[in-house]
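Please keep the viewer open as you read.

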Amino acid sequence: MNSQKSSNGANHFENVACPFCGLHCDDLEIGPSGDGLKVLKNGCAKAVAGFERPLVEPNPQVDGKDVSLDEAIATAARLIKESRLPIFGGLGTDIDGVRSVIALAEKGGGIVDHALSDGSYRNYRVMQSSGWVTTTLTEARNRADLFIIAGCDVQKMHPRFFERIVCNEASMFSDTPPKRTVVFIGEGLDHSALKGQERIGEVITLPVKAERIGEVLDTMRALNKGATIPGNDIGGLPRAAVDDLLARCKAASYGVIVWAPSSLGFPSADLTVQAVNEFVKEINLTSRFAGLSLGGSEGSTSAGAVCTWQSGFPLRVSYTSGKPDYDVERYSLNRLLFAKEGDLLLWLASFSPDLTPPDTDIPMILLGTPSIKPARTPKVYIPVGTPGVDHTGVLMRVDSAVSLPLRKLRQSKLPSAASVLEKIEAAL
Amino acid sequence: MLIKLTGGKVYDPANGVDGEVRDIFIENGRIVSPEPNAKVDQEYALHGRVIMAGGIDPHSHIGGGKMNIARMMLPEDHLGHEVARTELTRAGAGHAVPSTMLTGYRYAEMGYTAAFEPAMLPVNARQTHMEMADTSIIDKGAFAMLGSDDFFLRQLAGKADFSAIKDYIAWTMHATQAIAVKVVNPGGISAFKFNQRKLDLDEKHVYYGVTPRDIILTLARGLNELGVVHPLHVHGCNLGVPGGYETTLDTIKGSEGLPIHLTHIQFHSYGTEGDLKFSSAAAPIAEAINQHKNVSCDVGQVMFGQTCTASGDSMRQFVTSRSADPKKWVVMDIECDAGCGVVPFKYRDKSFVNALQWAIGLELFLLVNDPWRLFLTTDHPNGGPFTWYPHLIRLLMDKNFRQDMMQKINPDALKYSTLASLDREYTLYEIAIMTRAGPAKSLGLVDRGHLGVGAWADITVYDDNPDREAMFSTPELLFKNGELIVRNGKIIKVVNGGTHVARPNYDPGIERSLKRYFEDYHTVRMENFRLTDDEIIDGGRGSLIIQPTRARAA
C-alpha cells in the first residue's frame, strides 16, 4: 500500500492519510526529525500529537513482567480458551484488525463491541428505525450553501473540518462561489475558525441546550408541514429565530446539517438524531438538503462497517453459540462490564493512548499503543503499532463513503494488532 | 493429479456441445486432453448427471457501500438466518442482504463460481474490493460507475477532446480495479443534487447542459474504442416509471449500432394501459432487442417476498422510498461522484403491480429469442435474492409449473401481460448459455464459462432431476479451478477467489490534470484514490485475473 515513494529524500512522505480522527485527511506531509517523525504540512493538533509521539518499543508483559511475544500470545490464547464469556472491546484498530478480532471472537465464542459504540448507536438506531438522507465531505465542500452545526464542537473534534469543508475557496461549480451561511445550534460551540474567511457570509448562533435541539428540529418539521405551533419559546429560542431558520433551509440550494452522535451525551439522544434526519428527509420533498454525521474516531466507523459486512450486524454481536447473535442492549460493552457478565476483556487500542480500558476487575488482555496507561495491570499486555505510522492499513472515513490507505512511516518492531490477533487465534 | 469426470451429459454451449455424453479431464486446475493411456488419479463416475461450467452471475450487488448500508439497516433480514461457524466456514447471517462470507458460500452451494458487482462507485472502490475479498470461494469483478461524476460531465460539457475522455474512462478502470463500466440513470444522480427530479433521455442537465443520450453514446463509444469487451452496462433513465418503456425503446434505437448492455430491463418495460395505468410493455421491448443485435440485456426478475432494493440511482430511489417496507430508507449524495439509495421492499403476489412486475420479467425471458444476449438475474437483491435462481430456472423450463404459479398471483395482472399465452420452455442448453457461456462471453472472461480444453476447471455437476428447482438448488459437485469445493450442496473446501479486471490503454498524461483536479476540489488525493494491485492481492487474500482488451482505436 506504499502507493507513493518518498519524493524528497528518505522518510519524507507526501499525501499521508491521518488516522487520528474520523476525517482521515490525506494531504499531510511528514518527514523525519531526530529519532521521530515531524508533521511538515497540513497537520492539526491531533495529527501532531499522534504522528510525533516518540517511538517506544516495550516488551510484552504477563502480570506486569516482561515476556516474549510468543509467551504473551500463548497466555492470551489460554485465557480466551478458559474464559466462559470473553469480551472483545475497544476495537481501536484498522480494517484488518477488525477482521482479525471478529475471526478470533467467532472462534473464541465471545462478544464484540467498540469503545465508542454508545455514540455510534445513536446513529445506528435511527438508521434501523427510519433512515436518512446524507451527504459526504467532497459533496458538502463543493455544493453546500448553508451549513447547520447541531450540538457538536466541530473545531475540537475535527480541527480541519472548517478549513477543508466549509472555508474552501475553490468549488467545482463556480469560479466565484457564493458565500456560505453557517448556523450553530447549541451552547459553547467554537466558531473562531470561520472568522475573516472569504467564503463565509453570515454566522448565526442559536443558543440551545443539546437535549432541546430535537425540539427545535421537530418544530421546524411540523411548521414545514403547515402545522400551527402555539407559543413563543421553542427549545429556548424565540419563535422568530426558528421561523427564520426554516426559511433559510427552504431557500438553500443545498443545505447540510452536521451532527456528531458522540456529542449528544444524554438519555435517548438517538431521538435527537432522528429529529434531525426526519426534518432532512421531509425538506427533500421540495428542495435539496442532507445530513452529515461527524465523529468516527478510534476506528469506530471501520469497526461498525467490517462487523456489518462479516456478521450482518453493526457490533454488539455475540458468538457464544457459534452463530452471530445480535442484541443492541444486551451486548453493549459498557452494560456487560457493569453487570459483570463477561469474565475476560480483550481491549484493543492502537491509535490514541487515551482510549484506556475501563477500570474493571475482570482479567484483561491489552493490545495497546505503548503509551497507554490502564488503571490496573493487565493480565497480558502486548504493545502494538499504530496503523498509518508503524504499519500499513486501511481506515474508513466518518462519512462511510471513502476508505483511505494508511502508510508505514517508520521502522518499528511493534507488531500490528491484526498479526497478533491472528496468532492468538491460531493458538486457540 | 489427473482427475476424470466420466460419462456425464455435457452442456457446453461455447463449444456447441448440447447434452453429449463426454468425459472431462482436469489437471493443474484446467481442463485437459490427456494422452490416451495417461494414468487417472481420481475418477468420478457421473453417468446420467448433467455437467455445466460454473455459473457466472453478471449482475449481482454483493459488495460496497450501499450493500453495507442495507445490511446495517436491516437486522430483521438477518434474524432467523444466522449461520454458525464450522471448522471450514465462517459465521454469518442474512437472507436478502447476506454477510460477505455467506454470500460466497451460498453462490458456491448453488453451483456458481463467479459474481460481478455492477455498481462500484469509484470513490468507494476500496471498500467494494475489501468486501469482495471477504466474499468466499467465488471469483469477483466490479463495474465502475461513471456518468454522474463531475470530472466526466465537465469533460462532456466542455467538449473535451474525445481521446481525453477515453483516457479518463480507462484510467478510472485501472484506478478502481474494474472490469467494465456502468452508467446509472445517466447524469440523473448528479441532476438530483441540483434538485432535478427526473431526467429524460433528451432532457438537459441544468448545470452541465448535457443529456442522458449524450452520456450513453459517449461512454458506449469510448468503451468500444478502448477495446473493453463488456459493452457499456446501462441502467437507463426512468427506472420503474409506468410508460418508461418508451425511454427504453428510444435508448435501444438511439444506440447507433454501438454495443450496449441494458441491465434489469424488467424495471424498464412498463406501459400505461388499464385502469391503474400500469401494464406490460415486454412485447415491444423484446421485439426491439430481437431486432437490435448490438444490444444485450439481463432481466432483473422480481420474486415474491421480502427483499431490499439498493441502487446507485438516488433520484429514483428517493421516489421509491414512499413504498419502503419496512418504512425506513437511506439516500446518499456521494463525493460529486455518484450516489445511492437503499429502500427495503416486499413484493407481494396478491399485489397487482408486483404480480405484473413478475409477469413482465418472465415475458421478457420468453419473448427474447437469443439467450446469448439475455442473462438470468434478479438484479440481486433488487428483484429478489440470488438464492431464487433455481426457482426461476424452473419457471422458465417448466410450463406447467409456471401456470401453477400464475394461479397464485393477482389475477388482474395477467390481463395486462401476454405471459399466459407463452408456451416456450427453456432447454438445459439455453439455461447453460444464460447462466454461464453468455455472461462469460459478454464480460470477456477468457477460459471461463466453458468446458473446452484449456478452460479453467470451474465445473458444476447436477443430478438430472425433472424438478429443475431441486436440481439447480443442490448441485452434486462443484469444482473451482479443479478443486472439489461442494459435494451434495455442502461446502467441503474453502478457497479464495480472484478478481477479474480489464486494463484498456490510456495516456498517463491524464494524471496531470487529475492530480490537480483532486487537489483543488476533492477531499482525497489522486494517489490515495487509486487502488494498487497489492491491495487486491493483499498477502494472498485475493488475486488478480487480468482479462484482455482489444486494441485501442485512436
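Axes here are lines fitted to C-alpha atoms, for helices over the stretch in contact, and angles run from 0 to 180 degrees between N-to-C directions. Keep in mind, too, that this is a predicted model.

With that in hand, turn to chain A and find helix H8 (residues 213-224) and helix H9 (residues 239-251). Their axes lie 10 Å apart, and the two helices pack at an angle of about 65°. Since angles of 65 to 115 degrees count as roughly perpendicular, that makes H8(A) roughly perpendicular to H9(A). The crossing of H8(A) and H9(A) is right-handed. On the H8(A) side, the contact is made by Val216(A), Thr219(A), Met220(A), Leu223(A) and Asn224(A), while H9(A) brings Val242(A), Leu245(A) and Leu246(A). Sorted by class, the contact of H8(A) with H9(A) has six nonpolar and two polar residues, and no charged ones.

Now for the sheet of chain A. Nine strands make an open sheet with mixed pairing, in the order E5-E4-E20-E19-E18-E6-E7-E16-E17. Strand E5 (65-66) and strand E17 (325-326) each have a single partner strand, so one side of each is left without a neighbour in the sheet. Further in, strand E18 (residues 344-349) and strand E19 (residues 364-368) of chain A pair in the parallel sense over five bridges. There, Ala349(A) stands opposite Gly368(A) in E19(A).

Helices pack on this sheet as well. Helix H2 (residues 69-82) of chain A touches strand E4 (61-62), strand E6 (86-92), E18, E19 and strand E20 (380-383) of chain A, and its direction makes about 130° with that of E20(A). Helix H3 (residues 95-108) of chain A lies across E6, strand E7 (111-112) and E18 of chain A, running at about 175° to E6(A).

Moving over to chain B, you will find 20 helices and 26 strands. Its radius of gyration is 22 Å, close to the 24 Å that the globule rule gives for 554 residues, so chain B is as compact as a globular protein of that length.

Where do the chains meet? The contact takes 57 residues from chain A and 52 residues from chain B. On the chain B side, the largest share, six residues, comes from strand E18 (residues 329-334) of chain B. By class, the side of chain B that touches chain A has 20 nonpolar, 14 polar and 18 charged residues. Strand E8 (residues 131-134) of chain A pairs with E18(B) in the parallel sense over four bridges, and Val133(A) has Val331(B) as its bridge partner there.

Note on methods
Residues numbered from 1 in each chain as written. Chains lettered and ligands numbered in written order. Predicted model: local features only at pLDDT ≥ 70, side-chain atom pairs only at ≥ 80, totals over all residues. Parallel < 35°, antiparallel > 145°, perpendicular 65-115°, else oblique. Left-handed = near helix turned anticlockwise from the far one by under 90°. Contact = placed C-beta atoms within 7 Å. Nonpolar A, V, L, I, M, F, W, Y, C, P; charged D, E, K, R; others polar. Pairing = 2+ DSSP bridges. Rg over C-alpha atoms; globule rule 2.2 N^0.38 Å.
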